[in-house]
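Dear colleague,

I am passing on the structure below, and my notes on what was found in it follow directly after. Please read them with the model open beside you.

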Amino acid sequence: MAAYNKVVSDLHASFATGKTKTKEWRMAQLLALLNFIEKESDGIAEALAKDLSKPFLESIVFECDTVRNEIVEALDKLDEWMGKKKAEKNLLTLLDSAFVMSEPLGVVLIIGAWNYPFQLTLGPLVGAIAAGNCAIVKPSEISISSSQFMEKKLLEYLDPECIKIITGGVPETTSLLTNRFDHIFYTGSTAVGKIIYKAAAEHLTPVTLELGGKSPAIIDNTSDLAIVARRMMWGKLCNSGQTCISPDYVLCTKENLNFLIEECKSAIYEFHNGDSKRTPHFSRIINKHHFQRLKQMLDKTEGTVAYGGTIDEDSLYISPTLLVNVKESDCVMQEEIFGPIMPFLTVSDMDEAIEFVNKRPKPLVIYLFTKDNQLIKQVSRETLSGAMVTNDVFMNMSLTSLPFGGVGDSGIGSSHGIYAFQAFSHMRAHFVKKQNMEFMNQFRYPPYNDKNLKI
Ligand code: NAD
């Protein structure tokens, strides 16, 4: 505990030197992080293979490239983001100057989750550095190889006076959280998000909470089901369903259900060449605890297994599993699944699907598959979620121009591109007046003359 107090106070001292505020420091650190990603991509993929049996391509695309895109965007836009933003003026202030400047907040804490250990820590770090802050990165102890790799390698590249890595689990994070930070950026479950929010409140520290939840995939009767199945099952099976924006469950019409299930089976067969257990293109469950959690879901569900349902504890394998006849009260509908299990629930029409979604906490994403433009507008108008993605999954993440974040139970604030920069900045208002022309202010001082009021 004392050690963390010193780490945090050292960072406050480093921030006070003003070093991190300069454009030169920010650019140099962003380039150093880019260098880390490029030079260490093999080591990153190796660590992810140990933690999750993550396929090489998924490691490169979802972990390295995502962070690289954030860095490239920040390097490209830094001048614009850091620059003075002129503010509109009124008649009274026409001769004055009004503008907004982004200021770094100070020392920030980034706490990551295990499912994308590099993306979820280094992605926010790009925003923290671009905004000119000192930062502590606390990767998840659960993805232990990735966490150790970061601890060993990252500070070979970055400025160790201004950026620190702290590894460890609940006791370490709890102790760290007693310190005063100027922002906390947390990614993980909604339950722990509440613990982080409470700890932050002690110091009135602002937070970004990137949380989870159940993101529905709504499929209407106009859809091409073969295309929907491929896109949706890709989203479900990436990282073995251990993705915050995985489609969690399906809402489709009774007429579509059987066709959709058949198309999903074909998609899984095609992706894994008919053998999900042997293919190198399918991750494993992170650990025994999460394996048991998913096993219990399969044991307790009242739904019927339409495909899959096989498990192997030794290799932490859970096969892609499609469940039908699932009721709203079923255990698989009570919490985020976070695994390769897809429940299919039927609705009589799209109004019922919207009603179903609106009865539950606001999701991180609503996926809608339809060719009906009116339905797109209706779902957009009548629901609320972190993001709404139509006829695809995940591709919103590839755009640094879109904010990424939840709403309600799925999170607070957002990241990516300028949104991450703003999360780690204070937008300071500036108003500058000259000391001349005092006669123009005469009307505002007492004794007041009511005749000056125009009613
Ligand atoms: P996790 O167990 O790795 O926990 C996340 C972080 O919180 C870790 O660094 C951990 O050390 C810390 N932590 C855990 N318990 C704590 C406690 N009691 N006090 C203080 N710190 C604590 O990850 P997880 O929570 O299992 O992550 C999965 C969840 O994260 C899912 O719900 C998923 O949807 C969500 N998630 C959200 C996003 C997003 O961007 N919105 C991204 C990835 C994951």
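Helix α4 (residues 56–82) and helix α5 (residues 119–130) have axes that come within 9 Å and cross at roughly 10°, the axes being lines fitted to C-alpha atoms over the stretch in contact, with angles running from 0 to 180 degrees between N-to-C directions. α4 and α5 are therefore roughly parallel to each other, a label that applies to angles under 35 degrees. On the α4 side the contact (C-beta atoms, placed from the backbone, within 7 Å) is made by residues including Phe 62, Val 67, Ile 71, Leu 78 and Trp 81, and on the α5 side by residues including Leu 122, Gly 123 and Val 126. The residues of this contact divide into 9 nonpolar, 3 polar and 2 charged, where Ala, Val, Leu, Ile, Met, Phe, Trp, Tyr, Cys and Pro count as nonpolar, Asp, Glu, Lys and Arg as charged, and the others, Gly among them, as polar.

This is a predicted model, in which local features need pLDDT of at least 70 and side-chain atom pairs count only at pLDDT 80 or more, whereas totals for chains, interfaces and linings use all residues. Residues are numbered from 1 along each chain as its sequence is written. Helices (H or I, at least four residues) and strands (E, at least two) are DSSP runs, numbered from the N terminus.

Turning to the ligand, 28 residues surround it, the closest being Ser 140, Gly 188, Ser 189, Gly 212 and Cys 244; a residue is counted if its C-beta atom, placed from the backbone, lies within 6 Å. Two or more residues of this shell are given by each of α7 (170–176) and α8 (190–201), and α7 supplies the largest share, 3 residues. By class, the shell divides into 12 nonpolar, 12 polar and 4 charged residues.

Glu 210 has its place in strand β7 (residues 207–210).

Finally, there is an open sheet of 3 strands in the order β1-β2-β18, with antiparallel pairing, which requires at least two DSSP bridges between two strands. Its edge strands, β1 (85–86) and β18 (425–432), each pair on one side only. β1 pairs with β2 (residues 97–104) over 2 bridges, and Lys 86 has Phe 99 of β2 as its bridge partner.

With best wishes

How values were computed. Angles under 35 degrees count as roughly parallel, over 145 as roughly antiparallel, 65 to 115 as roughly perpendicular and the rest as oblique. Two residues are in contact if their C-beta atoms, placed from the backbone, lie within 7 Å.
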